[in-house]
Amino acid sequence: MKDILIIEDDPEIIKLLEIHLTDLIYNTSKAMDGEEGLRMALENEYDLILLDLTLPSMDGVEICKRLRAKKNTPIIMLTAKSEEIDRVLGLEIGADDYITKPFSIRELLARIKAVMRRTTTRQTEDTDSSLISAEGLHIDIDKRKVLLKDKKVDLSPKEFELLVLMASNPGRNYSRTELLNMIWGYNFEGYEHTVNSHINRLRAKIEWDMAHPTYILTTWGVGYKFNEDSIL
């Protein structure tokens, strides 16, 4: 059974979510305060976090930032704001999805299932191995584990999915639109700059020299590819 943490200060929304999530056989925990929600998220293991943007004591943006520095738990952000900047900010700080209030419970449940599915299946085109090795870089797809020079690298779910997708198909060029659609899905059409942000964060974690990357190369005028010459 999957465990979901709801960090939300509206008791009516919490009640609605608890009813529907319980019907889908999810275990739910709740926090109505930002600091309490962060504490629970850090101290326990959850399969998904539903995170409101506006909360007492600490807002959802700050919670998401702090969580991403420590954990890779999938996050769906909930907010009453619909401005584009809020959506972009949510995605670029590491949220896996974003939905605005008032939302259809059916749509939210579909988003939850999609995020759950993406975190348990490989985002690859064709790969016959759960292990990928490049020069100094080792990726265990099944265990969702990445080692760089034998040291563990903590990646967010989207960073991991980007790395696995490209490393599973070395040498193939991916446009930003392709990566956005394959990793985030059609709901994020028009937010290609989010790909750039995640690629930059991924590079910062696995590349020794950001100016001269070893693994993730920029294909000028196209997008990105994984360096086929680095594959062992």
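Visitor: Hi! Before we start, what relative accessible area does "buried" mean here?
Guide: Buried means under 20% relative accessible area, exposed means over 50%, and partly exposed is in between. Please keep in mind that this is a predicted model.

Visitor: Good to know. Where does D52 lie, and is it buried or exposed?
Guide: D52 lies in strand β3, residues 48-52. Its relative accessibility is 3%, so D52 counts as buried.

Visitor: What does the side chain of D52 make a polar contact with?
Guide: It makes one with the side chain of K101, at 3.1 Å.

Visitor: And which other residues is D52 in contact with?
Guide: Setting aside neighbours within four places in sequence, the contacts of D52 are I7, E8, D9, G60, L78, T79 and, again, K101.

Visitor: Changing topic: how much space lies in the largest pocket?
Guide: About 540 Å³. The pocket has 22 lining residues, and those nearest its centre are N72, T73, P74, R144 and P157.

Visitor: Which elements give two or more residues to that lining?
Guide: They are α5 (105-120), β8 (145-148) and α6 (157-167). The most comes from α5, which gives three residues.

Visitor: How do the lining residues divide into nonpolar, polar and charged?
Guide: Eight are nonpolar, four are polar and 10 are charged.

Visitor: You mentioned R144. What is its phi, positive or negative?
Guide: Positive, at about 50°, although R144 is not a glycine. R144 lies in the loop between β7 (137-140) and β8. Its relative accessibility is 33%, so R144 counts as partly exposed. As a reference point, most residues other than glycine have a negative phi.

Visitor: Which residue other than glycine has a phi near 70°?
Guide: That is D150, again with a positive value. D150 is placed in the loop between β8 and β9 (151-152). D150 is exposed, since its relative accessible area is 68%.

Visitor: Back to α6. How many residues of α6 are buried?
Guide: 11 of the 11, so α6 is largely enclosed by the rest of the structure. Among those buried residues are P157, K158, E159, E161 and A167. P157 is also one of the residues nearest the centre of the largest pocket.

Visitor: Which residues of helix α2 are buried?
Guide: In α2, residues 34-43, they are G34, G37, L38, M40 and A41. These cover an arc of only 165° around the axis, which puts them on the same side of α2.

Visitor: Why would residues three or four places apart point the same way?
Guide: An α-helix has 3.6 residues a turn, so residues with that spacing point the same way.

Visitor: And what do the buried residues of α2 pack against?
Guide: They pack against β1 (2-7), β2 (26-31), β3 and α3 (60-70).

Visitor: Nice. What happens at the start of α2?
Guide: There, a side-chain oxygen of D33 comes to within 3.0 Å of the backbone nitrogen of E35.

Visitor: Since β1 came up, what about I6, buried or exposed?
Guide: I6 is found in strand β1, and it counts as buried because its relative accessibility is 0%. Leaving out neighbours within four places in sequence, I6 is in contact with residues including I14, L17, T28, A31 and L50.

Visitor: How far apart are the C-alpha atoms of I6 and I49?
Guide: They are separated by 6.0 Å, while the two residues are 43 residues apart along the chain.

Visitor: Last one, for the overall picture: how many helices and strands does the protein have?
Guide: Eight helices and 12 strands. Of the 232 residues in the protein, 50% are buried. Among contacts with a separation of 6 or more, 60% are between residues 24 or more positions apart.

Key. Residues are numbered from 1 along each chain as its sequence is written. This is a predicted model: local features need pLDDT of at least 70, side-chain atom pairs count only at pLDDT 80 or more; totals for chains, interfaces and linings use all residues. Side-chain values use heavy atoms; hydrogens and water are left out. On a 1 Å grid over the protein atoms alone, a cavity is a set of points where a 1.4 Å probe fits but cannot get out, and a pocket is an open set with protein on both sides within 12 Å along at least five of seven lines; lining residues have an atom within 4 Å of a point. Grid points are joined across faces, edges and corners, and a volume is the space filled by probe spheres set on the points. Helices (H or I, at least four residues) and strands (E, at least two) are DSSP runs, numbered from the N terminus. Ala, Val, Leu, Ile, Met, Phe, Trp, Tyr, Cys and Pro count as nonpolar, Asp, Glu, Lys and Arg as charged, and the others, Gly among them, as polar. Buried means under 20% relative accessible area, exposed over 50%, partly exposed in between (1.4 Å probe, protein chains only). A polar contact is a pair of N or O atoms within 3.5 Å; within protein, one must be able to donate a hydrogen and the other to accept it, and residues adjacent in sequence count only if both atoms are side-chain atoms. Contact means heavy atoms within 4.5 Å. The arc is that of the directions from the helix axis to the C-beta atoms.
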